Amino acid sequence: MNCNECGDQLNAFVDRELTAGELGEVQRHLDDCPPCLQIFELQAGLKRLVRKECCQDEAPARLRAWVRKLPTEERRV
Amino acid sequence: MTPATGTEDRNRTAGSRVEQNDDFTVFERHLDALYRSALRLTRKPEDAEDLVQETYLRAFRYRKRFTPGTNEKAWLFTIMTNVFRNKLRQRPPIQESIDEPSNDAYIYQQLEREGLPLHLMTPEQLIVERGFGNEVRRALEELPVPMRMVVILVDVEDFSYKEVAKILGIKIGTVMSRLHRGRRSLQKKLWEYSGRQPQAAAIGGGVS
């Protein structure tokens, strides 16, 4: 596997979407190629960051109360 | 609505308001996930609340169509993304453009051109300590809706490509291309928000 081929698979690798065989090939390339490894770590770091930043928001208590009451309210209609 | 199936009759006791509520409480578990995604899609807390309410109303009304034991989170997100797309159609179209670098290594290349010893740095040093962290939500909200939806579903909600394809009713290949384009654009935006000028591309060109 060369760097271009590795680059093509990197998104799927970060998302754990590769088959065991494909995964092994990417992993072997990353073990031997520091620049590709850095790109991978940046991609994985960005993914973690997006998740962490977005998960800080929680539903307002008012909305939660509304959802809880929904079945009883709706059945009354 | 008049519930009249045998199960409901069995669960009902005189004066009880419980009535088969257990069949809906599994959906409440995903409220935070729906709300944070709604917030990224609508960009406004009040619109996000409306979107989530509409989603739960529909989920409740169509709850019989949900097959117990299947992925209820995916089902709720299918409803929400449909409701959101319908809402968008009712509004005057907004021209959304995507400023997309030509490959997936944008931040890496920028840092490299600044002459940083990349091999000595961890991803956290490269990204978080250099001030990209605070602007992530803003950058995400500026992505065009089709890309934003896919990035949210994959990166924040942890759905597989296959699940996202099903939720949005698109092909897996489309999921992947939207995801890649969204992430590239996100990298470029984060770089720009950090107050840095893009370094001239050494190869390939395409950086404005």
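This is a predicted model: local features need pLDDT of at least 70, side-chain atom pairs count only at pLDDT 80 or more; totals for chains, interfaces and linings use all residues.

Reader: What span does helix H5 of chain B reach from its first C-alpha to its last?

Author: Helix H5 covers residues 72-90 of chain B, 19 residues in total, and reaches 28 Å. That is close to the 27 Å expected at 1.5 Å a residue.

Reader: Which residues in H5(B) are buried?

Author: The general idea comes first. An α-helix has 3.6 residues a turn, so residues three or four places apart point the same way. In H5(B), the buried residues include B:Trp75, B:Leu76, B:Ile79, B:Met80, B:Val83 and B:Phe84. B:Glu72 and B:Lys73 are buried as well.

Reader: How is the packing of two helices described?

Author: Two packed helices are described by the angle between their axes and the distance between the axes. In chain B, helix H10 (residues 161-168) and helix H11 (residues 172-193) pack at an angle of about 105°, and their axes are 8 Å apart. Angles of 65 to 115 degrees count as roughly perpendicular, and H10(B) and H11(B) are therefore roughly perpendicular to each other. On the side of H10(B), the contact is made by B:Tyr161, B:Lys162, B:Val164 and B:Ala165. H11(B) contributes B:Ile172, B:Val175, B:Met176 and B:Leu179.

Reader: Is B:Arg148 buried or exposed?

Author: A residue counts as buried when its relative accessible area is under 20%. B:Arg148 has a relative accessible area of 1%, so this residue is buried. Its place is in helix H9 (residues 145-156) of chain B. Leaving aside residues up to four places away in sequence, B:Arg148 touches B:Arg40, B:Leu41, B:Arg43, B:Glu96, B:Leu140, B:Glu141 and B:Leu143.

Reader: How many residues of helix H6 of chain B are buried?

Author: Helix H6 (residues 106-113) is mostly covered, with 6 of its 8 residues buried. They are B:Tyr106, B:Ile107, B:Tyr108, B:Gln109, B:Gln110 and B:Leu111. H6(B) is followed by B:Gly115, which has a positive phi, near 75°.

Reader: What does the secondary structure of chain B come to as a whole?

Author: Chain B has 11 helices and 0 strands. Of its 208 residues, 48% are buried. Among contacts between residues at least 6 apart in sequence, 69% join residues at least 24 apart.

Notes. Residues are numbered from 1 along each chain as its sequence is written. Chains are lettered from A and ligands numbered from 1 in the order in which they are written. Side-chain values use heavy atoms; hydrogens and water are left out. Helices (H or I, at least four residues) and strands (E, at least two) are DSSP runs, numbered from the N terminus. Buried means under 20% relative accessible area, exposed over 50%, partly exposed in between (1.4 Å probe, protein chains only). Contact means heavy atoms within 4.5 Å. The expected span of a helix is 1.5 Å times one less than its number of residues. Axes are lines fitted to C-alpha atoms, for helices over the stretch in contact, and angles run from 0 to 180 degrees between N-to-C directions. Angles under 35 degrees count as roughly parallel, over 145 as roughly antiparallel, 65 to 115 as roughly perpendicular and the rest as oblique.
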